[in-house]
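Please keep the structure in view while reading.

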Amino acid sequence: MKKSGGAEKKRVRRSSAAVQNGARDPNSDTPPRKQAAKKDVFQLFAEKVRDHKDLVSRWAVLQETRVEYFRGKDFASFLRNHPELKDILESDRNLETEDVGNSLLRKNLLVRCDRVVKTLRPGKKKLSTWPAHLEIFPDQVFSENDAFFAWTFVKRRPLWQTLLSFFWPVLTLAICLFPVYPHRCKLLILYSCAGVLLLILSLLLLRATAFGALYIVLGKRVWFFPNILAEEATLRELFRFWPQKDEEERPKWTTRLFYAMVAVLVILVLRHHAPDEAARARYQKRVSNIIDDVLEWSPRLALSGMMDKQQTVDNDTEANNSFTDASKAPSDNVGKETVSEQYAAEGVENLEGADQHKHDDHI
């Protein structure tokens with residue numbers, strides 16, 4: 001009887017489990033593990049697409065959070081140029097671009113966004129191609145017409161970024177230990193940093209000069225190295241030389257004339273207040289002295305300077321003590337001389353008194 005009761009309990013459990021499985025997915029016979037693996041396929045596809053260099057993307061602020069986003073038409077052209085990436089989807093490799101985008105949206109791997117600023121700024125003919133501020137679009141459906149899509153998952157960090165985050169504290173410690181480096185290492189670091197800084201400042205100055213000259217003469221806004229000051233740009237985009245196409249209206253000749261007069265005035269003022277040769281020599285000498293003090297400093301010199309300072313303090317203390325003793329000795333002698341003079345004066349007075357008494361007695 002006990003065995004039959006246990007068998008009935010097992011049958012009831014199996015039947016209830018079968019009912020639950022049927023309630024979860026009545027139309028599919030795929031095991032749960034395979035379903036989970038099928039869901040991971042789109043995750044792998046999204047990571048592969050995001051890491052690909054041919055998909056143009058930018059960074060923007062979405063609800064106080066920095067996100068990486070791309071345009072819908074760029075995503076469609078990317079999949080047309082790289083159809084081999086759809087092989088990652090396995091059974092869904094034949095899906096259209098719109099269906100793939102909708103699947104990524106349903107799985108919360110993407111979120112459709114829209115630009116915050118929807119009005120034209122003064123002097124511009126069209127909206128910005130890559131807006132800096134986004135907001136969530138109410139209709140989460142894939143589209144290629146002026147649609148932006150932001151990645152919602154955290155991008156995996158490559159190995160070089162992990163190593164770089166490890167070496168940052170080491171670099172900070174090395175910078176703090178600069179004063180104890182050998183003299184040749186100090187010179188090498190100093191001249192390298194000064195050369196890089198001079199190169200950057202020269203590049204920015206030439207860039208601004210070329211922009212001002214072309215703006216005043218031709219009325220065109222041409223920035224060479226347009227992404228040199230961009231916060232979010234790849235290494236290839238950062239050092240791109242050729243500027244982007246000017247989309248703004250051509251400035252008026254009165255505006256160009258005004259800026260030309262301002263530039264001439266600034267040049268004349270700077271030339272008038274430029275330092276003379278003597279002031280420049282004094283400033284150069286002062287700066288060179290500061291640099292020499294930094295380069296020539298070493299722990300040995302610091303320790304020897306502390307010892308010399310301690311010896312100087314001891315010598316000053318001994319000199320003060322000897323001066324105090326010497327000042328005390330004359331004061332004692334002066335006191336003794338004063339007492340003896342008092343005794344002598346009293347003796348003279350006593351003698352004069354005795355003589356006076358004798359004279360009175362004779363009278």
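Two strands are said to pair if DSSP finds at least two bridges between them. The model discussed here is predicted.

## The barrel and its strands

Five strands close into a barrel, and their order is S1-S2-S5-S3-S4. The pairing within this barrel is mixed. From one strand to the next, the twist averages 55°.

Strand S1 (residues 58-62) is joined to strand S4 (residues 133-136) by two bridges, and these strands run parallel. Within this pair, Leu62 stands opposite Leu134 in S4. Strand S1 is also joined to strand S2 (residues 66-71), here by four bridges, and S1 and S2 run antiparallel. Ala60 stands opposite Val67 in S2, and the bridge partner of Arg58 in S2 is Tyr69.

What do S1 and S2 form, with three residues between them? The two strands form a hairpin. In its turn, Gln63 has a positive phi of about 55°.

Asp114 lies in strand S3, which covers residues 110-115. Is Asp114 buried or exposed? The cut-off for a buried residue is under 20% relative accessible area. Asp114 has 15% relative accessibility and therefore counts as buried. Leaving aside residues up to four places away in sequence, Asp114 touches His133, Leu134, Glu135 and Phe137. One of these, Leu134, is the residue in S4 that Leu62 stands opposite.

## Helices H3 and H4

Helix H3 lies across S2 and strand S5 (148-151), and H3 runs at about 65° to S2. Helix H3 (residues 72-81) also packs against helix H4 (residues 97-106), at an angle of about 120° and with the axes 10 Å apart. This angle makes H3 oblique to H4. The crossing of H3 past H4 is right-handed.

Which residues of the two helices meet? From H3 come Phe75, Ala76 and Leu79, while H4 contributes Thr97, Val100 and Leu104. By class, the contact of H3 with H4 has five nonpolar residues, one polar residue and no charged residue.

Helix H4 is mostly covered, with seven of its ten residues buried. The buried residues are Thr97, Val100, Gly101, Asn102, Ser103, Leu104 and Leu105. Among them, Thr97, Val100 and Leu104 meet residues of H3. Just after H4, Asn108 takes a positive phi of about 60°.

## Helices H6 and H8

A further pair consists of helix H6 (residues 183-217) and helix H8 (residues 253-272). Their axes come within 8 Å and cross at roughly 135°. Helices H6 and H8 are therefore oblique to each other. The crossing of H6 and H8 is left-handed.

On the H6 side, the contact is made by Tyr215, Ile216 and Val217. On the H8 side, it is made by Thr255, Arg256, Tyr259 and Ala260. How many residues of each class does the contact of H6 with H8 have? There are five nonpolar residues, one polar and one charged.

Terms used: Residues are numbered from 1 along each chain as its sequence is written. This is a predicted model: local features need pLDDT of at least 70, side-chain atom pairs count only at pLDDT 80 or more; totals for chains, interfaces and linings use all residues. Side-chain values use heavy atoms; hydrogens and water are left out. Axes are lines fitted to C-alpha atoms, for helices over the stretch in contact, and angles run from 0 to 180 degrees between N-to-C directions. Angles under 35 degrees count as roughly parallel, over 145 as roughly antiparallel, 65 to 115 as roughly perpendicular and the rest as oblique. A crossing is left-handed if the near helix is turned anticlockwise from the far one by less than a right angle, and right-handed if clockwise. Contact means heavy atoms within 4.5 Å. Ala, Val, Leu, Ile, Met, Phe, Trp, Tyr, Cys and Pro count as nonpolar, Asp, Glu, Lys and Arg as charged, and the others, Gly among them, as polar. Buried means under 20% relative accessible area, exposed over 50%, partly exposed in between (1.4 Å probe, protein chains only).
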